[in-house]
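Hi,

Here is the structure I said I would pass on.

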Amino acid sequence: MKEEAAPAGNGLGAVSPGAARPASTPAVRRRRFVATALAGLAGALVTRAARATNAVVEVEIKGNLFIPETVTIRAGTTVRWTNKERRTTHSVLFPAESLESERMLPDESWQRRFDKPGRHPYTCGPHPEMKGLVVVTD
Ligand SMILES: [Cu+2]
């Protein structure tokens, strides 16, 4: 009666062809388990890094402009607006979402985290001629 061949090419090299030992000793099973667990852990870390960037992208408000006017960010990124005027107050208003920041005095900031891909055009409550856009990619 022939023994079944051990799975080849797993890189562990634990069982050589024709070895007298059965294919699946506890030691071999343990090594396979560790290799599988490490592969899974590596995958989880990559996924988490892609999702929670912890990145903050800065937008300045100066001369009645959002600078830069368009920011393109990955999902999970925070955008922080800072009023760099000497005396003018501004807000950040997303009309489609009925979301508006407090009025920012000079040197004040407001921030928002974007978790889902999409386009978010915005303006300033008191100055509707001011335009900005946040593009969130996957
Ligand atoms: Cu404004």
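Pro 68 sits in the loop between strand 2 and strand 3 (70–74). The peptide bond joining Ile 67 to Pro 68 is cis, with omega at about -5°. Keep in mind that this is a predicted model.

Ser 98, in the loop between strand 5 (93–94) and strand 6 (99–100), has a positive phi of about 50° although it is not a glycine. Asp 107 lies in the loop between strand 6 and strand 7, and its phi is positive too, at about 75°. As background, most residues other than glycine have a negative phi, and most peptide bonds are trans. Are Ser 98 and Asp 107 buried or exposed? Ser 98 is exposed because it has 7 other C-beta atoms within 10 Å, where 12 or fewer counts as exposed. Asp 107 counts as exposed as well, with 10 C-beta neighbours inside 10 Å.

Four strands make up an open sheet in the order 2-1-4-7, with mixed pairing. Strand 2 (65–67) and strand 7 (109–114) are the edge strands, each pairing on one side only. On average, neighbouring strands here are turned by 25° against each other, direction ignored. Strand 1 (residues 56–62) and strand 4 (residues 77–83) pair in the parallel sense over six bridges, and Glu 58 stands opposite Arg 80 in strand 4.

The largest nonpolar core has ten residues, among them Val 59, Ile 61, Val 79, Trp 81 and Val 92. Strand 1 and strand 4 each supply at least two residues of this core. Leaving out residues up to four places away in sequence, Trp 81 touches Val 59, Ile 61, Val 92, Ser 109 and Trp 110.

One more loop: Glu 129 is placed between strand 8 (118–123) and strand 9 (131–137). Glu 129 is exposed, with 8 other C-beta atoms within 10 Å. Its C-alpha atom is 8.7 Å from that of Asn 64, although Glu 129 and Asn 64 are 65 residues apart along the chain.

Finally, confidence. The mean pLDDT of the protein chain is 79, and 62% of its residues reach 70 or more. Over residues 1–20 the pLDDT is below 50, and this stretch has twelve contacts beyond near neighbours in sequence. Residues 43–50 are also below 50, with zero such contacts in the model. Where pLDDT is low, the predicted coordinates should not be read in detail.

Cheers

Note on methods
Residues are numbered from 1 along each chain as its sequence is written. This is a predicted model: local features need pLDDT of at least 70, side-chain atom pairs count only at pLDDT 80 or more; totals for chains, interfaces and linings use all residues. Two strands pair if DSSP finds at least two bridges between them. Axes are lines fitted to C-alpha atoms, for helices over the stretch in contact, and angles run from 0 to 180 degrees between N-to-C directions. pLDDT is the predictor's confidence in each residue, from 0 to 100. Two residues are in contact if their C-beta atoms, placed from the backbone, lie within 7 Å. A residue is buried if 20 or more other C-beta atoms lie within 10 Å of its own, exposed if 12 or fewer, and partly exposed in between; C-beta atoms are placed from the backbone. A nonpolar core is a set of buried Ala, Val, Leu, Ile, Met, Phe, Trp, Tyr and Cys residues joined through C-beta atoms within 7 Å.
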